[in-house]
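Q: I am new to reading protein models. Could you walk me through one, feature by feature?

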Amino acid sequence: MKKFVYLFNEGNSEMKDLLGGKGANLAEMTRIGLPVPFGITISTEACNAYYESGETIPHEVTDQVLQALGKLEERMGKKLGDPSNPLLVSVRSGSKFSMPGMMDTILNLGLNDETAEGLAALTNNPRFVYDSYRRFIQMFSDVVLDVDVFFFEQFLEEVRESKGYSSDPEMKAEDWTEVIKGYKKIVEKHTRKPFPQDPKEQLFLSINAVFNSWNNQRAIVYRRLNKIPDHLGTAVNIQSMVFGNMGNDSGTGVAFTRNPSTGESILYGEYLMNAQGEDVVAGIRTPRPISELNAEMPEVYRQFAETCKNLEMHYLDMQDIEFTIEKGNLYILQTRTGKRTAQAAIRIAVEMVEEGLISKEEALLRVDPDQLNQLLHRRIDDKFERVKIAKGLPASPGAASGIVVFEADEAESLTKEGKKVILVRPETTPDDIHGIISAQAVVTSRGGMTSHAAVVARGMGKACVCGCEELKIDLKNRLFSVGETVVNYGDIITIDGGTGEIMLGEIPMIEPELSDEFKLLLSWADEIRAISVRANGDNPVDARKALEFGAEGIGLVRTEHMFMDAARVPIVQEMILSESFEERSAALEKLLPMQQGDFEGIFEVMKGLPVTIRLLDPPLHEFMPDKEELLVDITKLQILQPDSAELKKKEQLLRKVRQLEEFNPMLGHRGCRLGMINPEIYMMQAKAIFYAAAAVAEKGITVKPEIMIPLVGHVHELREMRQLVIEAASQIKEESGRDFEYTVGTMIEIPRAALTADEIASEADFFSFGTNDLTQTTFGYSRDDAEGKFLQTYIERKVLPENPFAVLDQNGVGKLVEMAVKLGRTTKPSLKTGICGEHGGEKSSIDFCFRKGLDYVSCSPFRVPLARLAAAQATIRHGKAAETEVMNI
């Protein structure tokens, strides 16, 4: 019979696929002798079997659970449902990959009217027992019976107020028994059934609920965001309870072995005395810093600090640890690799290398390239005045401005309208995840540094301020107040997640600086990576930023961006409106020195590094006024100024706009087709490039321009355009008396170009893959229409695994890239190949480029650090395999 259920002493840390991350770590901690309350794990395979059986627990799973439960009872010396000595357990989910707060937890299972009475007599602590019982009823009702927590919280608040209490610890045993009676009535009212009293029925209903939570909406959203496969399933951990709410010598907490925000090697976390674990992470009470436990319970703190050190040494990574203190005894409930900010990830990785714990290669693999974007965001400019209204806990670094909203749905809908919002809540729950994803930042009035809002925001790289108790939030009237200051829905605030400050209005921000650890890590990446990284940039400012972030050249200069400068548009339009070659040439003569200045600026900044310049790509109508706006202007002028010169000019513009209008401009008169029909345009650009090369050569800067012909689909197009460039180079060499090197290549962005790459390579010195257009022409998608109308639905329905414009479609578009590289190098073995679409800054696409033997990737300047790291990771993961693959090309 297949084994579905494991005791904690039957597993280890290598069994995450089967036991989930939590179960595997509980087994590992049990194996190495830590004080872990004993329990059992129902495997992820049981979860999949549950769904295969029509969302029912198979008989063999039920039988194995009962057998394992018997062994657990024997080990603990207690029985589930025995009034004289009851076993109480927690039931928790635990998938292979950590999904904090996304699935459901139930504590104190096994309590009913009889076991509560028996346990009260046994412990001589009825207050603790009935506090635990009311918690169990509330959690079980929420998770299993689908009764909203609101009803229980509202009733509890009413009882507290009626007795004049301000907090839960003031409640006495008789108060809790009153609450329990009220809770039972709430359950019966909403479910039309009494609260279940049979502990085994409670247990199996809870197992059902945990399996179901794998497919709740927030878990689905979280998996989609973090690219976690849906088929993995979740394990169920059933663990004997220890109690942090047995009095002032008991407590509970969450701690990290290093600071998850900064990476500092110091114990970081929070705890509450006389509380259960959910109180810390749910934000119900604001906890105390873990350092204060040293003064309150020095021996427990010493033991805990030693345990943290041992766990970090065992797992060789920063750990996130949940613990409970029961009557002065420490218990470890969970450890897992701690989620951290990008800043912390880098510092921890670098310091662990310096401490001799891990290698440079392991350090590079520890940092997710996507996280690096967090470090490249803006921060508040200290030169500007801050109107600070409140300060909470600095839960996730970074800064943001936005309009205040109070509901996750509002955050999502307003973001879709293009507005920047900040989500303000008393506390967040996993149901708010879509709002957190949409918002620029999150603010809560309750909860600590390990609350739901803090953990989720840090994982997403969003600024977050938690536990700001000064905020009095009025959800009904959609406002919050701090003293006499009132902030309404729609008002703008700025928050600083690094200081915890909340400020009125929008405050200017400045660009970030890279830390020494970041620079060191990237230097290690540069030592290891075997693929170059360039940047896309259209002006000297972009070029400087590219160099600052470590680019080894410019992989794409889009010359049309130079044409779109406001001062040049009239000259460009003059060129387009020309009725003769002579008129067009005159306009181009005006543009030539402007283009030359653009190229000189970039060449001077790059100081001899390669610069790839793409000749004009978009259709000419993009430089013309909008047709609808022209029609409106003409109609007004016909009525008000029928004889004006302005009217004649606008009518001429309209005629040209209509003449240039195309049914499908993406596949129309653009790219090299412009150069074929109007070669004087490309001739002007080529001359400008070579004049610039000659000019900077006089300043002692060696330049080797790489001139790229766009949208080539046939070798004859490239042959003609290559000859045009050669003629321009010869003319400028003769005029300037200077010799310079250059290459001519093409952008592969049409499927036919990839299919005939062996022919095209005969006229090309390099290939640069324009994967944006190549994706459009391969899929037959117009990007703007696809992303706006159906692409997101395709991704949600798993028709497509990813947005192919964000992540390279390796099975389709990637095959064309691979084919083009292979065919091109059969003609020209030394052919240089690169990628310059948006995929050049995406980690899995970079991995693909390395494996297929491309020489470089090019991306936006701000993504260069990400690309450098991803390129190093690809080299570490696939070095030998990639070398074999390239040799076979």
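A: Happy to, and let us begin with a single side chain: that of Lys-462 reaches the backbone oxygen of Ala-439 at 2.7 Å. Keep in mind that this is a predicted model.

Q: Where does Lys-462 lie?
A: Lys-462 sits in the loop between helix 17 (452-460) and strand 17 (463-466). Setting aside neighbours within four places in sequence, Lys-462 is in contact with Ser-396, Pro-397, Ile-436, Ile-437, Ala-439, Gln-440 and Ala-457.

Q: What does the side chain of Thr-252 reach?
A: The side chain of Thr-252 reaches a backbone oxygen, that of Phe-323, at 3.2 Å. Thr-252 belongs to strand 6 (residues 251-256). With a relative accessibility of 3%, Thr-252 counts as buried.

Q: How many salt bridges does the structure hold?
A: There are 63 salt bridges in the structure.

Q: What about Glu-157 and Arg-160?
A: Their side chains also meet in a salt bridge, at 2.5 Å from N to O. Glu-157 and Arg-160 are three residues apart in helix 6 (residues 149-163), about one helical turn. Glu-157 is partly exposed, with a relative accessible area of 34%, whereas Arg-160 is buried, with 12%.

Q: Which residue does Arg-868 form a salt bridge with?
A: The partner of Arg-868 is Asp-526, and the closest N and O atoms are 2.6 Å apart. Arg-868 lies in helix 35 (residues 864-887) and Asp-526 in helix 18, so this pair ties together parts that are 342 residues apart in sequence. Arg-868 is buried, at 9% relative accessible area, while Asp-526 is partly exposed, at 29%.

Q: Which residues do salt bridges with shared partners join into one network?
A: That network takes in Arg-127, Asp-131, Arg-134, Arg-135, Glu-157, Arg-160 and Asp-168.

Q: How do I check the length of a helix, say helix 13?
A: Work out the span to expect, then compare. At 1.5 Å a residue, the 13 residues of helix 13 (residues 342-354) should span 18 Å, and the end C-alpha atoms are 18 Å apart, which agrees. After helix 13 comes Gly-356, whose phi is positive, near 80°.

Q: Is helix 13 largely enclosed or open, and what covers its buried residues?
A: Count the buried residues: ten of the 13 are buried, so helix 13 is largely enclosed by the rest of the structure. Among them are Ala-342, Ile-346, Glu-351 and Val-353. What covers the buried residues includes helix 12 (298-315), helix 14 (360-366) and helix 18 (516-528).

Q: Which residues touch the most other members in the largest nonpolar core?
A: In soluble globular proteins, nonpolar side chains tend to be buried together. The largest core in this model has 130 residues, and Phe-603, Phe-690, Ile-709, Phe-767 and Phe-769 touch the most other members. Helix 26 (residues 679-697) gives the most to this core, with twelve residues. Leaving out residues up to four places away in sequence, Phe-690 touches Ile-707, Val-725, Ala-728, Ala-729, Ile-732, Phe-740 and Tyr-742. Apart from this core lies another, of 85 residues, including Met-29, Ile-42, Ile-137 and Tyr-165.

Q: How many helices and strands does the protein have?
A: The secondary structure comes to 35 helices and 31 strands. Of the 889 residues in the protein, 56% are buried.

Methods. Residues numbered from 1 in each chain as written. Predicted model: local features only at pLDDT ≥ 70, side-chain atom pairs only at ≥ 80, totals over all residues. Heavy atoms only, no water. Helix = DSSP H or I, 4+ residues; strand = E, 2+ residues; numbered from the N terminus. Expected span 1.5 Å × (residues − 1). Buried < 20%, exposed > 50% of the residue type's maximum accessible area, 1.4 Å probe, protein only. Contact = heavy atoms within 4.5 Å. Salt bridge = Lys/Arg side-chain N within 4 Å of Asp/Glu carboxyl O. Polar contact = N/O pair within 3.5 Å; in protein donor to acceptor, adjacent residues only side chain to side chain. Core = buried A, V, L, I, M, F, W, Y, C linked by side-chain atoms within 4.5 Å.
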